[in-house]
Amino acid sequence: MNRKSIICLVVCVCLCLALVGCSNQPQKKPETPQMPPNPSAPKQTAQQNEPDITVFMHETGEKKTMKMEEYIAGVVAGEMKNDWPVEALAAQAIIARTFTVEAIETKGGVPDRGTQASTDIKEFQAYSAKSVNDNVKKAVQMTRGMVMTYQGKPIKGWFHASAGGITATAKEGLNYRDAEPPYIHSVQSPDDLAPEDVRNWTIVFPKEDVIAAMSKLGKKVSDISSIEIAQKGPSGRATMLMVNKNVEVSGPELRVALESTKLKSMLLDKIEVSEDSVTFAGKGYGHGVGLSQWGANRMAKDGKKPEDIVTHYFKDVKVEKRWN
(Lines give C-alpha, C1' and ligand atoms only; values in the text may rest on other atoms or scores of the structure.)
Protein backbone atom coordinates (compact mmCIF):
# COMPACT_ATOMS: atom_id res chain seq x y z
CA MET A 1 0.00 0.00 0.00
CA ASN A 2 1.51 3.34 -0.99
CA ARG A 3 1.82 6.37 1.23
CA LYS A 4 -1.13 8.18 -0.40
CA SER A 5 -3.46 5.22 0.23
CA ILE A 6 -2.41 5.04 3.91
CA ILE A 7 -3.20 8.73 4.42
CA CYS A 8 -6.65 8.30 2.84
CA LEU A 9 -7.38 5.32 5.12
CA VAL A 10 -6.41 7.26 8.26
CA VAL A 11 -8.68 10.19 7.28
CA CYS A 12 -11.65 7.84 6.73
CA VAL A 13 -11.17 6.17 10.12
CA CYS A 14 -11.05 9.58 11.87
CA LEU A 15 -14.25 10.68 10.17
CA CYS A 16 -16.06 7.50 11.24
CA LEU A 17 -14.95 7.92 14.86
CA ALA A 18 -16.17 11.53 14.86
CA LEU A 19 -19.59 10.48 13.59
CA VAL A 20 -19.91 7.76 16.24
CA GLY A 21 -19.01 10.29 18.96
CA CYS A 22 -21.75 12.66 17.76
CA SER A 23 -24.40 9.94 17.85
CA ASN A 24 -23.67 9.23 21.54
CA GLN A 25 -24.38 12.84 22.63
CA PRO A 26 -27.69 13.28 24.52
CA GLN A 27 -30.37 14.70 22.29
CA LYS A 28 -31.64 18.14 23.36
CA LYS A 29 -35.39 18.12 23.78
CA PRO A 30 -37.28 20.78 21.89
CA GLU A 31 -38.38 23.58 24.21
CA THR A 32 -42.09 23.78 25.05
CA PRO A 33 -43.39 27.17 23.98
CA GLN A 34 -44.34 29.30 27.00
CA MET A 35 -47.99 30.42 26.86
CA PRO A 36 -48.74 33.89 28.20
CA PRO A 37 -50.69 33.84 31.51
CA ASN A 38 -54.48 34.08 31.28
CA PRO A 39 -55.44 37.14 33.36
CA SER A 40 -59.04 35.93 33.79
CA ALA A 41 -58.11 32.52 35.19
CA PRO A 42 -58.60 32.09 38.96
CA LYS A 43 -55.39 32.25 40.95
CA GLN A 44 -54.35 29.02 42.56
CA THR A 45 -53.79 29.66 46.27
CA ALA A 46 -51.02 27.59 47.82
CA GLN A 47 -52.19 25.75 50.91
CA GLN A 48 -50.78 27.05 54.16
CA ASN A 49 -50.88 26.16 57.83
CA GLU A 50 -53.93 27.15 59.83
CA PRO A 51 -53.34 30.76 60.86
CA ASP A 52 -53.47 32.23 64.34
CA ILE A 53 -55.56 35.39 64.58
CA THR A 54 -55.93 38.14 67.14
CA VAL A 55 -59.47 38.76 68.38
CA PHE A 56 -60.84 41.71 70.35
CA MET A 57 -63.08 40.26 73.10
CA HIS A 58 -65.56 43.09 73.51
CA GLU A 59 -67.07 41.64 76.70
CA THR A 60 -63.77 42.00 78.58
CA GLY A 61 -61.83 44.42 76.41
CA GLU A 62 -58.87 42.03 76.10
CA LYS A 63 -57.06 41.00 72.93
CA LYS A 64 -56.77 37.26 72.53
CA THR A 65 -54.80 35.11 70.09
CA MET A 66 -56.45 31.89 68.94
CA LYS A 67 -56.47 29.44 66.06
CA MET A 68 -58.65 30.49 63.13
CA GLU A 69 -60.88 27.39 63.37
CA GLU A 70 -61.46 27.96 67.09
CA TYR A 71 -62.65 31.48 66.29
CA ILE A 72 -64.87 30.24 63.42
CA ALA A 73 -66.56 27.74 65.76
CA GLY A 74 -67.48 30.58 68.12
CA VAL A 75 -68.86 32.63 65.22
CA VAL A 76 -70.99 29.75 63.90
CA ALA A 77 -72.40 29.18 67.39
CA GLY A 78 -73.09 32.89 67.74
CA GLU A 79 -74.72 33.37 64.34
CA MET A 80 -76.81 30.19 63.99
CA LYS A 81 -78.73 27.87 66.34
CA ASN A 82 -76.39 25.06 67.36
CA ASP A 83 -79.09 22.37 67.04
CA TRP A 84 -79.62 23.01 63.32
CA PRO A 85 -78.58 20.42 60.71
CA VAL A 86 -74.80 19.99 60.50
CA GLU A 87 -74.81 20.87 56.77
CA ALA A 88 -76.48 24.23 57.48
CA LEU A 89 -73.96 24.96 60.24
CA ALA A 90 -71.17 23.93 57.87
CA ALA A 91 -72.46 26.37 55.22
CA GLN A 92 -72.40 29.07 57.92
CA ALA A 93 -68.81 28.05 58.76
CA ILE A 94 -67.75 28.59 55.13
CA ILE A 95 -69.47 31.99 55.16
CA ALA A 96 -67.89 33.01 58.49
CA ARG A 97 -64.41 31.92 57.41
CA THR A 98 -64.79 33.72 54.08
CA PHE A 99 -66.00 36.90 55.80
CA THR A 100 -63.01 36.79 58.17
CA VAL A 101 -60.33 36.06 55.56
CA GLU A 102 -61.70 38.73 53.18
CA ALA A 103 -61.75 41.35 55.96
CA ILE A 104 -58.19 40.51 56.99
CA GLU A 105 -56.87 40.58 53.42
CA THR A 106 -58.62 43.81 52.38
CA LYS A 107 -58.47 45.97 55.52
CA GLY A 108 -56.44 44.10 58.12
CA GLY A 109 -59.51 42.88 60.03
CA VAL A 110 -60.56 45.46 62.63
CA PRO A 111 -57.93 48.22 62.43
CA ASP A 112 -59.63 50.38 65.07
CA ARG A 113 -59.09 47.58 67.59
CA GLY A 114 -55.63 46.64 66.38
CA THR A 115 -56.85 43.06 65.86
CA GLN A 116 -57.87 40.83 62.97
CA ALA A 117 -61.36 40.09 64.33
CA SER A 118 -63.80 41.17 67.02
CA THR A 119 -66.60 39.51 68.98
CA ASP A 120 -68.72 42.67 68.72
CA ILE A 121 -71.47 41.95 66.18
CA LYS A 122 -71.75 45.66 65.38
CA GLU A 123 -68.18 45.78 64.05
CA PHE A 124 -67.52 42.22 62.89
CA GLN A 125 -69.43 38.98 63.61
CA ALA A 126 -71.37 37.51 66.53
CA TYR A 127 -69.37 35.13 68.73
CA SER A 128 -70.39 32.66 71.44
CA ALA A 129 -67.74 30.22 72.68
CA LYS A 130 -70.15 28.87 75.33
CA SER A 131 -72.63 27.80 72.61
CA VAL A 132 -70.09 25.64 70.76
CA ASN A 133 -71.27 22.01 70.93
CA ASP A 134 -70.37 18.79 69.11
CA ASN A 135 -72.71 19.75 66.26
CA VAL A 136 -70.84 23.01 65.67
CA LYS A 137 -67.42 21.34 66.05
CA LYS A 138 -68.35 18.76 63.42
CA ALA A 139 -69.59 21.45 61.01
CA VAL A 140 -66.37 23.46 61.37
CA GLN A 141 -64.15 20.40 61.03
CA MET A 142 -65.88 19.13 57.87
CA THR A 143 -65.29 22.52 56.18
CA ARG A 144 -61.86 23.17 57.68
CA GLY A 145 -59.94 25.80 55.69
CA MET A 146 -62.75 26.24 53.12
CA VAL A 147 -63.22 29.77 51.75
CA MET A 148 -65.40 31.05 48.90
CA THR A 149 -63.48 32.84 46.18
CA TYR A 150 -64.27 34.68 42.97
CA GLN A 151 -61.38 34.73 40.47
CA GLY A 152 -59.05 33.63 43.25
CA LYS A 153 -59.98 36.27 45.82
CA PRO A 154 -62.20 35.80 48.91
CA ILE A 155 -65.68 37.27 48.43
CA LYS A 156 -67.73 39.38 50.81
CA GLY A 157 -69.53 36.72 52.85
CA TRP A 158 -72.88 38.42 53.38
CA PHE A 159 -75.74 36.51 55.05
CA HIS A 160 -79.03 37.19 56.81
CA ALA A 161 -81.74 35.34 58.73
CA SER A 162 -84.43 34.92 56.08
CA ALA A 163 -84.76 36.13 52.49
CA GLY A 164 -88.54 35.91 52.55
CA GLY A 165 -88.40 33.69 49.48
CA ILE A 166 -85.98 35.71 47.35
CA THR A 167 -82.54 37.24 47.97
CA ALA A 168 -81.48 40.80 47.19
CA THR A 169 -78.67 42.44 45.25
CA ALA A 170 -76.12 44.35 47.34
CA LYS A 171 -77.30 47.72 46.12
CA GLU A 172 -80.95 47.14 46.99
CA GLY A 173 -80.43 45.27 50.25
CA LEU A 174 -77.49 47.18 51.69
CA ASN A 175 -77.56 50.42 49.70
CA TYR A 176 -74.07 49.29 48.62
CA ARG A 177 -72.21 52.26 47.15
CA ASP A 178 -69.54 50.45 45.12
CA ALA A 179 -70.15 48.49 41.91
CA GLU A 180 -72.42 45.48 42.36
CA PRO A 181 -70.18 42.47 43.09
CA PRO A 182 -70.38 40.01 40.15
CA TYR A 183 -71.00 37.07 42.50
CA ILE A 184 -74.10 38.61 44.11
CA HIS A 185 -77.45 37.94 42.46
CA SER A 186 -81.12 37.59 43.33
CA VAL A 187 -82.21 33.95 43.66
CA GLN A 188 -85.19 32.04 45.01
CA SER A 189 -84.72 30.91 48.60
CA PRO A 190 -86.67 28.08 50.33
CA ASP A 191 -87.48 29.91 53.59
CA ASP A 192 -90.67 28.03 54.47
CA LEU A 193 -89.27 26.69 57.78
CA ALA A 194 -88.85 30.21 59.19
CA PRO A 195 -91.15 31.13 62.12
CA GLU A 196 -94.48 32.74 61.30
CA ASP A 197 -93.34 36.13 62.63
CA VAL A 198 -90.46 36.00 60.14
CA ARG A 199 -92.44 34.72 57.16
CA ASN A 200 -95.06 37.46 57.63
CA TRP A 201 -94.87 40.29 60.11
CA THR A 202 -96.38 43.67 60.98
CA ILE A 203 -94.77 46.45 63.00
CA VAL A 204 -96.33 49.71 64.18
CA PHE A 205 -94.10 52.74 64.89
CA PRO A 206 -95.25 55.97 66.55
CA LYS A 207 -94.92 58.81 64.06
CA GLU A 208 -92.36 60.57 66.25
CA ASP A 209 -90.05 57.51 65.96
CA VAL A 210 -90.18 57.64 62.16
CA ILE A 211 -89.64 61.42 62.19
CA ALA A 212 -86.63 60.98 64.50
CA ALA A 213 -85.20 58.21 62.28
CA MET A 214 -85.53 60.42 59.22
CA SER A 215 -83.83 63.26 61.08
CA LYS A 216 -80.81 60.97 61.71
CA LEU A 217 -80.57 60.62 57.93
CA GLY A 218 -80.74 64.37 57.37
CA LYS A 219 -84.37 64.26 56.20
CA LYS A 220 -86.27 66.69 58.42
CA VAL A 221 -90.08 66.65 58.44
CA SER A 222 -92.45 68.03 61.07
CA ASP A 223 -95.22 65.53 60.37
CA ILE A 224 -95.94 62.51 58.17
CA SER A 225 -99.07 62.41 56.05
CA SER A 226 -98.04 59.63 53.66
CA ILE A 227 -95.26 57.14 52.87
CA GLU A 228 -95.12 55.36 49.54
CA ILE A 229 -92.66 52.98 47.88
CA ALA A 230 -90.99 55.09 45.21
CA GLN A 231 -88.54 52.51 43.90
CA LYS A 232 -87.96 48.75 44.13
CA GLY A 233 -84.94 46.57 43.43
CA PRO A 234 -84.78 43.33 41.39
CA SER A 235 -86.12 41.23 44.29
CA GLY A 236 -89.00 43.61 44.95
CA ARG A 237 -87.49 45.23 48.04
CA ALA A 238 -88.19 48.91 48.63
CA THR A 239 -85.00 50.82 47.85
CA MET A 240 -86.50 54.32 48.01
CA LEU A 241 -89.48 55.65 49.94
CA MET A 242 -91.36 58.90 49.29
CA VAL A 243 -92.56 60.72 52.40
CA ASN A 244 -95.24 63.42 52.16
CA LYS A 245 -95.05 63.22 48.35
CA ASN A 246 -91.82 65.26 48.27
CA VAL A 247 -89.12 63.79 50.56
CA GLU A 248 -87.12 60.80 49.34
CA VAL A 249 -85.42 58.50 51.85
CA SER A 250 -83.37 55.31 51.31
CA GLY A 251 -85.28 52.18 52.31
CA PRO A 252 -82.25 50.26 53.68
CA GLU A 253 -81.02 53.33 55.58
CA LEU A 254 -84.44 54.03 57.14
CA ARG A 255 -84.66 50.39 58.22
CA VAL A 256 -81.37 50.67 60.12
CA ALA A 257 -82.34 54.04 61.59
CA LEU A 258 -85.64 52.58 62.87
CA GLU A 259 -83.72 49.52 64.22
CA SER A 260 -83.36 46.55 61.91
CA THR A 261 -84.61 44.12 64.57
CA LYS A 262 -87.96 45.92 64.48
CA LEU A 263 -88.33 46.79 60.79
CA LYS A 264 -87.21 43.31 59.81
CA SER A 265 -86.99 43.69 56.05
CA MET A 266 -87.64 46.01 53.14
CA LEU A 267 -89.54 43.25 51.32
CA LEU A 268 -92.71 45.16 52.11
CA ASP A 269 -96.32 44.29 51.37
CA LYS A 270 -97.81 47.57 52.62
CA ILE A 271 -97.20 50.85 54.45
CA GLU A 272 -100.08 52.61 56.19
CA VAL A 273 -100.03 56.03 57.85
CA SER A 274 -102.65 56.83 60.50
CA GLU A 275 -103.15 59.86 62.72
CA ASP A 276 -100.32 59.05 65.11
CA SER A 277 -98.53 55.94 63.75
CA VAL A 278 -96.97 54.25 60.73
CA THR A 279 -97.56 50.53 60.04
CA PHE A 280 -95.23 48.40 57.95
CA ALA A 281 -96.07 44.83 56.87
CA GLY A 282 -93.69 42.52 55.05
CA LYS A 283 -91.80 39.26 55.02
CA GLY A 284 -88.29 38.00 55.72
CA TYR A 285 -85.68 39.13 58.24
CA GLY A 286 -82.48 40.94 57.34
CA HIS A 287 -80.99 42.82 54.40
CA GLY A 288 -81.55 39.85 52.09
CA VAL A 289 -78.06 39.77 50.52
CA GLY A 290 -76.13 36.51 50.16
CA LEU A 291 -76.96 33.40 52.16
CA SER A 292 -80.34 33.04 53.86
CA GLN A 293 -79.93 31.07 57.08
CA TRP A 294 -83.47 29.69 57.05
CA GLY A 295 -83.01 28.81 53.39
CA ALA A 296 -79.80 26.97 54.31
CA ASN A 297 -81.73 25.11 57.01
CA ARG A 298 -84.29 23.85 54.47
CA MET A 299 -81.64 22.92 51.89
CA ALA A 300 -79.67 20.99 54.53
CA LYS A 301 -82.78 19.05 55.53
CA ASP A 302 -83.33 18.30 51.84
CA GLY A 303 -79.90 16.64 51.71
CA LYS A 304 -77.82 19.43 50.15
CA LYS A 305 -74.10 19.59 50.94
CA PRO A 306 -72.57 22.76 52.45
CA GLU A 307 -70.81 23.58 49.16
CA ASP A 308 -74.14 23.21 47.29
CA ILE A 309 -75.84 25.56 49.71
CA VAL A 310 -73.33 28.39 49.49
CA THR A 311 -72.93 28.15 45.71
CA HIS A 312 -76.72 28.43 45.36
CA TYR A 313 -76.64 31.87 46.94
CA PHE A 314 -73.41 33.17 45.36
CA LYS A 315 -72.84 33.16 41.60
CA ASP A 316 -69.71 31.72 39.88
CA VAL A 317 -67.79 31.23 43.13
CA LYS A 318 -65.41 28.42 44.04
CA VAL A 319 -65.04 26.78 47.42
CA GLU A 320 -61.28 26.73 47.91
CA LYS A 321 -59.35 24.97 50.69
CA ARG A 322 -56.81 27.43 52.11
CA TRP A 323 -55.33 25.15 54.79
CA ASN A 324 -55.54 21.53 55.90
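Biologist: Which residues of helix H9 are buried?
Modeller: This is a predicted model, in which local features need pLDDT of at least 70, side-chain atom pairs count only at pLDDT 80 or more, and totals for chains, interfaces and linings use all residues. Residues are numbered from 1 along each chain as its sequence is written, and side-chain values use heavy atoms, with hydrogens and water left out. Helix H9 covers residues 293-301 (helices are DSSP runs of H or I with at least four residues, strands are runs of E with at least two, and both are numbered from the N terminus). Those that are buried (under 20% relative accessible area with a 1.4 Å probe, protein chains only, where over 50% is exposed and in between is partly exposed) are Gln293, Trp294, Gly295, Ala296, Asn297, Met299 and Ala300.

Biologist: Why is H9 described as largely enclosed, and which elements are among those that cover its buried residues?
Modeller: Helix H9 is largely enclosed by the rest of the structure because 7 of its 9 residues are buried. The cover over these buried residues, judged by contact (heavy atoms within 4.5 Å), includes strand S6 (159-160), strand S13 (291-292), helix H2 (68-79), helix H3 (86-107) and helix H10 (306-313).

Biologist: Which residue with a positive phi follows H9?
Modeller: After helix H9 the chain reaches a residue whose phi is positive, near 95°. That residue is Gly303.

Biologist: In which order do the strands of the open sheet of 3 strands lie?
Modeller: Strands S8 (residues 227-232) and S9 run antiparallel and are joined by 5 bridges, while S9 and S10 (residues 247-250) also run antiparallel, with 4 bridges between them (two strands pair if DSSP finds at least two bridges). The pairing in the open sheet is antiparallel, and its order is S8-S9-S10.

Biologist: Which residue of S10 stands opposite Leu241?
Modeller: Across the sheet, Lys232 has Ala238 in S9 as its bridge partner, and Val243 stands opposite Val247 in S10. Leu241 likewise has a residue of S10 opposite, namely Val249.

Biologist: Which residue takes a positive phi in the hairpin of S9 and S10?
Modeller: The hairpin of S8 and S9 has 5 residues between the strands, and there Gly236 takes a positive phi near 95°. In the hairpin of S9 and S10, with 3 residues between the strands, a positive phi near 55° is taken by Asn244.

Biologist: How are the planes of Phe99 and Phe124 arranged?
Modeller: The ring centres of Phe99 and Phe124 are 5.1 Å apart, and at 23% relative accessibility Phe99 counts as partly exposed, whereas Phe124 at 8% counts as buried. Their planes stand at 80°, so the pair is edge-to-face.

Biologist: Which side chain makes a polar contact with that of Thr100?
Modeller: Thr100 lies in helix H3 and, at 0% relative accessibility, counts as buried. Leaving aside residues up to four places away in sequence, Thr100 touches Ile53, Met68, Tyr71, Ile72, Phe124 and Gln125. A polar contact is a pair of N or O atoms within 3.5 Å, where within protein one must be able to donate a hydrogen and the other to accept it, and residues adjacent in sequence count only if both atoms are side-chain atoms. At 3.0 Å, the side chain joined to that of Thr100 is Gln125.

Terms used:
Phe/Tyr/Trp six-rings, centres within 6.5 Å; stacked < 30°, edge-to-face > 60°.
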